[in-house]
Amino acid sequence: MHIWVDADACPKAIKEILYRAVERTNIPMTLVANRTLSIPKSPRIDMLEVAAGADVADAEIVAHIQAGDLVITADIPLAADVIANNAHALNPRGTFYSEANVKQYLSMRNFMDELRGSGVTTGGPAAFSNGDRAAFANQLDRFLTRQLKSAKIGITPPCK
């Protein structure tokens with residue numbers, strides 16, 4: 001398993017949770033962005049810089065994911081592609097996308113996009129909150145624990 005992060009818009013608090021999780025579980029992670037990011041020095045954490053442009057990072061993630069990988073993204077079309085490739089997608093606010101719900105999220109996104117295109121002011125998402133951060137951390141922990149148990153891989157205790 002590999003963790004991929006759609007890192008351009010990923011909140012710093014989420015990246016920090018991911019850095020700790022990667023060190024604790026020994027699962028490799030790659031952050032994909034169209035600019036250089038400052039990441040901790042770790043053999044498990046990598047950064048892939050892609051050209052600027054719409055969906056360039058998304059296409060790079062889709063090109064590299066394998067079944068069972070985890071992708072962290074708020075981008076619903078990317079999440080749909082991830083699910084179609086038998087991988088997992090988790091939103092930074094703690095929502096897991098699945099075959100059962102990703103089409104619904106995609107339809108709502110497209111509907112809101114049409115409204116904005118016709119001049120209707122729809123507002124944006126709520127500010128990222130401590131509750132969002134906690135929801136993400138809990139979902140990530142549950143997911144990684146399930147995956148590691150099913151793979152019978154031990155979790156390394158955190159360093160002090």
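In which helix is the place of Leu18? In this predicted model, Leu18 is placed in helix 1. The surroundings of this residue are taken up below, after an outline of the chain as a whole.

The secondary structure of the protein chain consists of 5 helices and 6 strands. Read from the N terminus, the order of these elements is β-α-β-β-α-β-α-β-β-α-α. The chain has 160 residues, of which 38% count as buried. Contacts between residues at least 6 apart in sequence were also examined, and 50% of them join residues at least 24 apart.

Helix 1 covers residues 12-25 and helix 5 covers residues 130-151. The two helices pack at an angle of about 25 degrees, and their axes are 10 Å apart. Because angles under 35 degrees count as roughly parallel, helix 1 is described as roughly parallel to helix 5. The crossing of helix 1 past helix 5 is right-handed. On the side of helix 1, the contact is formed by Ala13, Ile14, Ile17, Leu18, Ala21, Arg24 and Thr25. On the side of helix 5, the residues are Arg133, Phe136, Ala137, Leu140, Asp141, Leu144 and Leu148. Sorted by class, the contact of helix 1 with helix 5 comprises 10 nonpolar, 1 polar and 3 charged residues.

Two residues of this contact were considered individually. Leu18 has a relative accessibility of 0% and therefore counts as buried. With residues up to four places away in sequence left out, Leu18 touches Ile3, Val5, Met29, Ile72, Phe136 and Leu140. Of these partners, Phe136 and Leu140 belong to the helix 5 side of the contact. Ala137, in helix 5, has a relative accessibility of 25% and so counts as partly exposed. Leu18 and Ala137 are 119 residues apart along the chain, while their C-alpha atoms are separated by 8.5 Å. Ala137 and Ile17 are 120 residues apart in sequence, with a C-alpha to C-alpha distance of 6.7 Å.

The loop between helix 1 and strand 2 contains Asn26. Most residues other than glycine have a negative phi. Asn26 is not a glycine, yet its phi is positive, at about 65 degrees. The relative accessible area of Asn26 is 35%, so this residue is partly exposed. Strand 2 comprises residues 29-33 and includes Thr30. Thr30 is buried because its relative accessible area is 5%, which is under the limit of 20%. Apart from neighbours within four places in sequence, Thr30 is in contact with His2, Ile3, Trp4, Val5, Asp46 and Leu48.

With a relative accessible area of 51%, Asp55 is exposed, because the class begins over 50%. Helix 2 holds Val62, which is partly exposed at a relative accessible area of 24%. Beyond residues up to four places away in sequence, Val62 touches Leu78, Asp81 and Asn85. Val62 and Ala87 are 25 residues apart in sequence, and their C-alpha atoms are 9.8 Å apart in space.

Leu78, one of the residues touched by Val62, is part of helix 3, which runs over residues 76-84. The buried residues in this helix include Ile76, Leu78, Ala79, Ala80, Val82 and Ile83. At the N-terminal end, helix 3 is capped by Asp75, with a side-chain oxygen 2.8 Å from the backbone nitrogen of Leu78. Just after helix 3, Asn86 takes a positive phi of about 60 degrees.

Key:
Residues numbered from 1 in each chain as written. Predicted model: local features only at pLDDT ≥ 70, side-chain atom pairs only at ≥ 80, totals over all residues. Heavy atoms only, no water. Buried < 20%, exposed > 50% of the residue type's maximum accessible area, 1.4 Å probe, protein only. Helix = DSSP H or I, 4+ residues; strand = E, 2+ residues; numbered from the N terminus. Polar contact = N/O pair within 3.5 Å; in protein donor to acceptor, adjacent residues only side chain to side chain. Axes fitted to C-alpha atoms, helices over the stretch in contact; angles between N-to-C directions. Parallel < 35°, antiparallel > 145°, perpendicular 65-115°, else oblique. Left-handed = near helix turned anticlockwise from the far one by under 90°. Contact = heavy atoms within 4.5 Å. Nonpolar A, V, L, I, M, F, W, Y, C, P; charged D, E, K, R; others polar.
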